[in-house]
Amino acid sequence: MLSLIKEKFGFDKFERKKLAFFKKYGWQFMPFAQKDPLPDPRLLVPHQVEEVQKLVDAVREGDLVSFVVSDIGMGKTAICKFLAETLPAEEHPKTVTVFLHGPSIETPEQMLRLILARLELEPKGDLTSEFEQLFRWHEMYPDILLVLIVDEFPDIGEMALEVTRALADLRGIIWIFNGQKDRLLKFLEQHSPALLQRRRLILELRPMDVDEVEELLALRMAWARGGDFNNFTIEPFTREAIAEVYKRSRGIPREALKIAGDAVYLAIKDGSSKITYQTIRKFVRVRRKKMKKPTPSRKFFAFLRLRR
């Protein structure tokens, strides 16, 4: 009972310190939470804004197949979810988007039924009937662009490519695939060279430099202050702390946001109102300690010798 009281008291104490910290900097929530989809294009990685605009322009022009490629943690899924949310706001041309999770699609039937369900159509019959059902919808709305976005495309079942190829032949249907570049290109080379030949744009995401890390964190903190994007500040971070975030994250957006968020919680726990490079280094040491695997004790090895 006493331990439960202590645990609750400790939790409440941390929450009070957290609220005081957030109030000091005008944050309404944790700025570095990795939420999908992003509510504002300014929250994208800084150098990605112009590149995403190129992708939006390609969609408007009716380019058939585009790729979003990068290593893990660079923001492929975040960009695709952002496009899935924002493209339907386009009026010229009017656009409908469908976001699909590649690893969940094994067969052509699964892919078609997911697309129909996202279009609020009830799948009926076999594969042929469902394809005709989608084709009729497409004929009913000839002025609408249908943008199909597949997250982690190389993980879909090979049989599902049958539907992908067939839909790519229809005017007004756009595909956006994301994945790690080498895997995606190899997958298409082996199983659907025709789709690979139709690509019009490859959006390749790269790591951030230190200035972009600073801008990203400042944008996130402005968002947490209610979207005050005209009033940039890096507080509570020092510039040296941001350089340390860049160094430890290697410019990978997901990792930079995680380190920044965990550093905030560490500063709150320690009762500090500033986040310095020492805070970042302390967090990294704590994380490494947690990840370190325990080594067997000498007694354990002695026990094994006795067993022989």
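Glu120 sits in the loop between α4 and α5, and although Glu120 is not a glycine, its phi is positive, at about 60°. Before I go on, please keep in mind that what you see above is a predicted model.

So how confident is the prediction? The mean pLDDT of the protein chain is 86, and 88% of the residues reach 70 or more. Which elements mark the two ends of the range? Helix α10, residues 239-249, has the highest mean pLDDT among the elements, at 95, while helix α13, residues 298-307, has the lowest, at 48.

Now the overall picture. The protein chain holds 13 helices and five strands. Of its 308 residues, 44% count as buried. And if you take contacts between residues at least 6 apart in sequence, 73% of them join residues at least 24 apart.

Helix α4 covers residues 108-118 and helix α5 covers residues 127-140. Their axes come within 10 Å and cross at roughly 35°, and the crossing is left-handed. On the α4 side, the contact is made by Pro108, Glu109, Leu112, Arg113, Ile115 and Leu116. On the α5 side, the partners are Leu127, Glu130, Phe131, Gln133 and Leu134.

One of those names, Ile115, comes back when we turn to the cores. The largest nonpolar core has 35 residues. Which of them touch the most other members? They are Phe67, Ile115, Phe153, Ile156, Leu167, Trp175 and Phe177. Apart from this core lies another one, of 31 residues, with Phe32, Val45, Leu217 and Ile280 among them.

Leaving out residues up to four places away in sequence, Phe67 touches Phe177, Leu184, Leu185, Leu188, Leu196, Arg199, Leu201, Ile202 and Leu203.

Next, please find Asn178, in strand β4, which runs over residues 173-179. Is Asn178 buried or exposed? Asn178 counts as buried because its relative accessible area is 0%. Its side chain makes a polar contact with the side chain of Asp151, at 2.7 Å.

Glu152 lies in the loop between β3 (145-151) and α6 (161-168). Its phi is near 55°, a positive value in a residue other than glycine.

Two others in the list, Lys76 and Cys80, take us to helix α3. The buried residues of α3, which spans residues 76-86, are Lys76, Ala78, Ile79, Cys80, Phe82, Leu83 and Ala84. What do these buried residues pack against? Their partners are α2 (48-60), β1 (65-69), β2 (95-101), β3 and β4.

Val56 lies in helix α2 and is buried, with a relative accessible area of 10%. Apart from neighbours within four places in sequence, Val56 is in contact with Leu83, Leu87 and Glu90. Val56 and Glu90 are 34 residues apart along the chain, and their C-alpha atoms are separated by 9.9 Å.

Glu51 is also found in helix α2. Why does this glutamate count as buried? Its relative accessible area is 18%, and the cut-off for buried is under 20%. Leaving out residues up to four places away, Glu51 touches Leu203, Glu204 and Leu205. Glu51 and Leu205 lie 154 residues apart along the chain, with 8.8 Å between their C-alpha atoms.

There is another buried glutamate to point out, Glu214, with a relative accessible area of 19%. Glu214 is found in helix α9 and touches Ile234, Arg239 and Ile242, again not counting residues up to four places away in sequence.

My last stop is the loop between α9 (210-224) and α10, where Pro236 has its place. The peptide bond from Glu235 to Pro236 is cis, with omega near 15°.

How values were computed. Residues are numbered from 1 along each chain as its sequence is written. This is a predicted model: local features need pLDDT of at least 70, side-chain atom pairs count only at pLDDT 80 or more; totals for chains, interfaces and linings use all residues. Side-chain values use heavy atoms; hydrogens and water are left out. pLDDT is the predictor's confidence in each residue, from 0 to 100. Helices (H or I, at least four residues) and strands (E, at least two) are DSSP runs, numbered from the N terminus. Buried means under 20% relative accessible area, exposed over 50%, partly exposed in between (1.4 Å probe, protein chains only). A polar contact is a pair of N or O atoms within 3.5 Å; within protein, one must be able to donate a hydrogen and the other to accept it, and residues adjacent in sequence count only if both atoms are side-chain atoms. A nonpolar core is a set of buried Ala, Val, Leu, Ile, Met, Phe, Trp, Tyr and Cys residues joined through side-chain atoms within 4.5 Å. Contact means heavy atoms within 4.5 Å. Axes are lines fitted to C-alpha atoms, for helices over the stretch in contact, and angles run from 0 to 180 degrees between N-to-C directions. A crossing is left-handed if the near helix is turned anticlockwise from the far one by less than a right angle, and right-handed if clockwise.
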